[in-house]
Amino acid sequence: MASRPPDPRRQRALLAVWIAAVFALSAVSDLRVLGASAAALGVLFGRGIFATLRRVGRSVVPVTAGLSVSSWALAFAVQGTPPPLAPFAALALRTALIAFLTFAVLGRVNLLRALAPWPAATRLLAVTLGQIHALRLLATDSLDGLRSRLVRKPRARDVVRGAGGITAALFALSARNARDVSDAMRTRGF
Amino acid sequence: MHVPDGFLSPQLTLPAWAVSAPLWTWAARRHFGRAAAESLPVVGSLTALAFVIQTIMIPVPGGTSTHLVGVTLLALLYHPLVAFLCESLVLLVQALFFGAGGITVLGVNALAMGLVGPVAGWLVWKALRRLHERAAAFLAAWVAMQAATLAVAAVLGLQHALDGRYFPVPLAVVLPAMVLPSLTVTGVVEGAYTVFALSILRKANLRGVSPA
């Protein structure tokens with residue numbers, strides 16, 4: 001038997017709870033409360049926790065932890081005295097926790113279904129997501145093409161020079177593709 | 001230059017949402033109604049392009065990051081409110097799928113990068129485009145970048161002034177850290193990108209493209 005599609009109202013309720021939880025977490029600056037929140041989130045989202053942690057570790061932690069450490073060092077250099085470490089640690093932990101909660105909840109929500117009552121928003125989101133995917137593919141293809149034409153590894157200058165020539169064609173292609181998607185969605189009532 | 005989730009407390013993020021939400025509704029009604037059927041695909045493509053160029057972020061110690069924005073072009077082609085909506089969409093997609101920026105700071109980021117910057121750039125464009133169109137586009141994008149960066153630095157400084165334990169880096173550190181790369185590198189590259197993209201769009205002669 002085919003599984004039933006998720007209920008849009010339930011999806012929207014989950015999104016609302018997530019937004020409230022994220023705002024609540026963003027108000028916390030105490031390291032002990034953040035630690036307790038981390039434990040609670042671990043229990044609540046036990047299923048798939050490692051995949052979510054891996055995603056947070058890959059996309060958020062290197063940037064925010066790096067920023068916290070380097071900002072601490074810069075503040076030390078500018079002020080002459082070492083600033084307290086706890087606020088910087090709380091900053092890094094808070095951003096990581098919010099990212100974890102976001103990825104954990106959004107992995108369980110069908111965003112386009114939740115947006116169903118707003119057709120124009122759905123159409124713009126679908127067109128944009130489609131184009132992001134297409135442009136990323138095209139960028140990868142053009143970089144592969146550049147690599148195949150050079151005997152050495154492409155340098156930043158090669159990439160910029162190569163990008164200039166193909167951007168016009170890529171953009172025209174992307175705009176036409178977006179028009180096709182948009183027209184198709186309009187004919188289906190979006 | 002996104003502010004990540006967790007860098008600003010609800011004292012700042014909630015008012016920013018309160019300002020942004022009605023602006024989103026107003027802008028969507030004004031620019032994305034049935035009359036926008038022609039321009040929506042190009043807007044979607046430019047939004048996707050802005051998304052792609054914003055993914056190359058360079059972290060800035062003492063601040064957040066610096067990167068191209070790419071939506072000043074939308075302000076020049078359509079209206080600053082279109083840029084505001086599209087930048088908000090870029091920020092939303094980045095927050096939901098890529099962990100950049102965030103949902104609590106969406107209002108702050110959208111106002112800084114999607115409204116303050118593009119409005120500043122659009123005013124420069126309006127004032128100078130009759131003198132020299134390419135120079136006006138370059139300057140508009142450069143000014144937009146500086147305005148957006150200043151807005152982000154000011155908000156981070158304000159957060160430190162409100163609660164130093166929450167955001168521990170003072171404005172004296174944040175401001176130069178954010179503004180210097182923007183003045184010297186990203187602003188110039190943003191200007192060059194805008195001039196280049198504008199000339200490409202002219203040559204491509206697409207439906208639904210006409211400078212505002």
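How many helices and how many strands are there in chain A? This is a predicted model, and in it chain A comes out with eight helices and zero strands. Read from the N terminus, its elements simply go α-α-α-α-α-α-α-α.

**Chain A overall**
- Chain A has 190 residues, and 28% of them are buried.
- Take the contacts in chain A between residues at least 6 apart in sequence: 74% of these join residues at least 24 apart.

**Where chain A meets chain B**
- Chain A puts 50 residues into the contact, and chain B puts in 43.
- On the chain A side, the elements giving two or more residues are α1 (8–26), α3 (49–59), α4 (61–79), α5 (86–106), α7 (119–149) and α8 (156–187).
- Sorted by class, that side of chain A has 32 nonpolar residues, along with 14 polar and four charged ones.

**A look at α4(A)**
- Helix α4 (61–79) of chain A is among the elements that give two or more residues to the side touching chain B.
- α4(A) is 19 residues long and covers 26 Å from first C-alpha to last, which is close to the 27 Å expected at 1.5 Å a residue.
- Which residues in α4(A) are buried? They are Thr64(A), Leu67(A), Ser68(A), Ser71(A), Trp72(A), Leu74(A) and Ala75(A).

Technical notes:
Residues numbered from 1 in each chain as written. Chains lettered and ligands numbered in written order. Predicted model: local features only at pLDDT ≥ 70, side-chain atom pairs only at ≥ 80, totals over all residues. Helix = DSSP H or I, 4+ residues; strand = E, 2+ residues; numbered from the N terminus. Buried ≥ 20, exposed ≤ 12 C-beta atoms within 10 Å, placed from the backbone. Contact = placed C-beta atoms within 7 Å. Nonpolar A, V, L, I, M, F, W, Y, C, P; charged D, E, K, R; others polar. Expected span 1.5 Å × (residues − 1).
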